[in-house]
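My entries follow the model below.

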Amino acid sequence: VDASSCPQRIREIICKTAQRLHIQAVFVANRSIPIPQYSSCCRLEVTAAEDQAADKYILTHANPGDMVITRDIPLAKQLVDAQVRVLNDRGTVYTSENIGERLSVRNFMYELCANGLSPERCKTFGKKEVMEFAQAFDRETQRVLRTAP
């Protein structure tokens with residue numbers, strides 16, 4: 001899990017699932033992030049404080065067949081290219097079919113912001129988004145487990 005921007009409620013869902021299924025959940029950040037302590041299946045890896053250190057750790061340690069939770073689209077692109085299943089914290093699954101478009105839109109929005117033309121942001125993160133994540137996470141976790149050796 002790319003933990004630096006992962007909401008607390010999503011971290012809780014991930015840890016509960018890891019505990020229920022007896023699988024390992026690794027949260028990676030370049031600073032200490034609180035993760036639920038009731039599960040021995042969840043751990044935090046704190047990387048160096050430098051920029052992109054957590055992304056580099058994830059890229060180095062994620063393998064085909066793993067699943068990564070991130071909202072970082074450039075990181076998601078690299079992971080999808082490495083055949084790692086990628087999901088964001090709102091339940092969107094990134095695939096080889098949709099990641100190119102997502103990256104293109106992200107880069108376009110980045111350019112707008114860099115030129116002072118930032119569009120309005122009004123996306124909320126509430127119960128609906130948490131539920132969508134939980135459903136997608138459960139579905140994708142089951143897919144990963146079915147295809148695991």
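Which element gives the most to the lining of the second largest pocket? I looked it up, and α5 does, with five residues.

Ground rules first. I worked from a predicted model, where local features need pLDDT of at least 70, side-chain atom pairs count only at pLDDT 80 or more, and totals for chains, interfaces and linings use all residues. Residues are numbered from 1 along each chain as its sequence is written, and side-chain values use heavy atoms, with hydrogens and water left out.

**Pocket entry.** I noted a volume of about 660 Å³ for the second largest pocket. A pocket here is an open set of points on a 1 Å grid over the protein atoms alone, with protein on both sides within 12 Å along at least five of seven lines; lining residues have an atom within 4 Å of a point. I found 27 lining residues, with Gln24, Ala25, Val26, Asp66 and Met67 nearest the centre. At least two residues each come from α1 (8-21), β1 (25-29), α2, β3 (67-69) and α5 (127-147). Helices (H or I, at least four residues) and strands (E, at least two) are DSSP runs. The lining splits into 19 nonpolar, six polar and two charged residues.

**Cavity entry.** I found one cavity of 30 Å³ or more. A cavity is a set of points where a 1.4 Å probe fits but cannot get out. The largest cavity has a volume of about 30 Å³. Its lining is Asp2, Ser5, Cys6, Ile69, Thr70, Arg71 and Asp89. I sorted that lining into two nonpolar, two polar and three charged residues.

**Helix entry, α1 and α5.** These helices pack at an angle of about 30 degrees, with axes 11 Å apart. Angles run from 0 to 180 degrees between N-to-C directions. The crossing is right-handed, meaning that the near helix is turned clockwise from the far one by less than a right angle. Contact (heavy atoms within 4.5 Å) involves residues including Ile13 and Thr17 of α1 and Phe137 and Thr141 of α5. The contact residues divide into nine nonpolar, three polar and three charged.

**Helix entry, α2 and α3.** I checked α2 (residues 53-61) against α3 (residues 73-81): their axes come within 10 Å and cross at roughly 10 degrees. The two are therefore roughly parallel, a label for angles under 35 degrees. Asp55, Ile58 and Leu59 of α2 meet Leu75, Gln78 and Leu79 of α3. I counted four nonpolar, one polar and one charged residue in this contact.

Note on methods. Angles under 35 degrees count as roughly parallel, over 145 as roughly antiparallel, 65 to 115 as roughly perpendicular and the rest as oblique. Ala, Val, Leu, Ile, Met, Phe, Trp, Tyr, Cys and Pro count as nonpolar, Asp, Glu, Lys and Arg as charged, and the others, Gly among them, as polar. Grid points are joined across faces, edges and corners, and a volume is the space filled by probe spheres set on the points.
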